[in-house]
Amino acid sequence: MSQAVKTETPKEPNGLATKANGTAVNGKLEALKRPRHVSGGVEEIIDPFCNPEKPQRISFHDVTSAAFLIRGGVERTPCPKSTSSELYGMELYLKKDFLQYTGSFKERGARYALLSLTEEQKRTGVISASLGNHAQALCYHGWKLNIPVTVVMPKAAPIMKVQRCRNYKARVIVEGNDMGEAKSLAMRMSREEGLLYVNGYDHPHIMAGQGTIGLEILEQVPEPDAVVVPVGGGGLIAGIATAVKALSPKTKIIGVESEKCASFTRAMENDGPIHTPIKNTLADGLAVPKVGYNAYATAMPLIDRMVVVKEEWIAVAILRLVEEEKCVVEGAGGAGLAAILAGHLNELKGKKVVVLLCGGNIDTTVFGRCLERGLAAVGRLVKFNVEVSDRPGGINDLCALLVRVGVSIKDIMHERAWLRDIYTVEVKVVCETVDWSHSLELKNELKKFYSKVQFSDVPLALTNDCDP
């Protein structure tokens, strides 16, 4: 796998003009978007490096070759012991690969794939489809290595990530309603322009590059009992498992997916990759509808367990990492810790465990929502409805009670129109408390003074149900 990859596609000039938003405007791209098959459907082009009939498994040698080539070109990220190890009941270490320059582990595979090109391919360039992290990594290292990069990003891609790719001097095309449409266009452009398509999770060089994380983990934390890895398309866990199992066979490899995009779990049930409907998820970096064929073939014999977690636990993990570790991660980056918080990995209590924090590219507004959802899930953000007197001073008395209890009001509104008693008003309050016991104290105080009180349900993190 370490040798240069050759393509057999013809070289053609691209001649693509783009609008300010990155959307190509000339007739050639429009023709590429139109159906081309005689049946009238869109012609599907198979990536020669991701052939379902002939999946390629990477080896330990591929990972070590990648480690040698990318050395000095990517960060060797720290893997310190968690400040909250005692709280979790295990010797917990956090591999902080979100500290890479572009904010995710994707740089490792991207750089190795680019360095493995032939000289002709380096002059011609590469193309890929991505929502963000892979695109940023490929564009950044293409810029540094002076290799032309084209990325096709769906219209749903965050504007900030699109702009960052442009800042790295790449050709950015914003087309397609989802990743499937963006990839189809990129594959057709690859054929028409003679560009090598680099799959963000299933290309053998990408997987080998990601596997260098496993080598670093074993250098930093010798003989861990388990390594917990977030799973999307499968390339990351395939690479890490290849490296770790070769050097530390007793170490368990545990994958974690969100319940909204459990494509690897479905692949295991199906005995092979299968299309999985994807719902909106906090872990958008894991939202891959079908795992890679190469990744599945490589990882499946090496994975000890797959875990599926609820979205609320991912939000709690993001909150915990901010408050306790001072780490800002995206949903995918918090998935590993989420599995521990949800109680899915209680068999690892008292053992040495490494959790990979794989990415930190989270949108600012999404980050705010995640923190609020995390606070609600642990009972620190509560809401209640209470009917108070509509006479002067009624709401003031309620606020005075909240001050006495020591809670912080985040939002408050009142409603008159739909109440039977014209001398009362329903007040809806969202407030922040110290913890759930403090919330219960608030609830008891409200019931002492008001007859009609509706309070939040018991939060998810305090229930006994850990199953998704």
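## Helix axes and the chain as a whole

A helix axis is a line fitted to C-alpha atoms over the stretch in contact, and the angle between two axes runs from 0 to 180 degrees between their N-to-C directions. The model described here is predicted.

The protein chain contains 18 helices and 13 strands. Of its 468 residues, 54% count as buried. Among contacts with a separation of 6 or more, 74% join residues 24 or more positions apart.

## The packing of H14 against H16

Helix H14 (residues 311–325) packs on helix H16 (residues 364–377) at an angle of about 105°, and the two axes lie 7 Å apart. Because angles of 65 to 115 degrees count as roughly perpendicular, H14 is roughly perpendicular to H16.

On the H14 side, the residues in contact include Ala 315, Ile 318, Leu 319 and Val 322. Their partners in H16 include Phe 367, Cys 370, Leu 371 and Gly 374. By class, this contact has 10 nonpolar, one polar and three charged residues.

The 14 residues of H16 should span 20 Å at 1.5 Å a residue, and the end C-alpha atoms are 20 Å apart, which agrees.

Which residues of H16 are buried? They are Phe 367, Cys 370, Gly 374, Leu 375 and Ala 377. These residues cover an arc of only 160° around the axis, so they lie on the same side of H16. An α-helix has 3.6 residues a turn, so residues three or four places apart point the same way.

The cover over the buried residues of H16 includes H14, strand E10 (381–389) and strand E12 (424–432). After H16 comes Gly 379, which has a positive phi near 85°.

Methods:
Residues are numbered from 1 along each chain as its sequence is written. This is a predicted model: local features need pLDDT of at least 70, side-chain atom pairs count only at pLDDT 80 or more; totals for chains, interfaces and linings use all residues. Side-chain values use heavy atoms; hydrogens and water are left out. Helices (H or I, at least four residues) and strands (E, at least two) are DSSP runs, numbered from the N terminus. Angles under 35 degrees count as roughly parallel, over 145 as roughly antiparallel, 65 to 115 as roughly perpendicular and the rest as oblique. Contact means heavy atoms within 4.5 Å. Ala, Val, Leu, Ile, Met, Phe, Trp, Tyr, Cys and Pro count as nonpolar, Asp, Glu, Lys and Arg as charged, and the others, Gly among them, as polar. The expected span of a helix is 1.5 Å times one less than its number of residues. Buried means under 20% relative accessible area, exposed over 50%, partly exposed in between (1.4 Å probe, protein chains only). The arc is that of the directions from the helix axis to the C-beta atoms.
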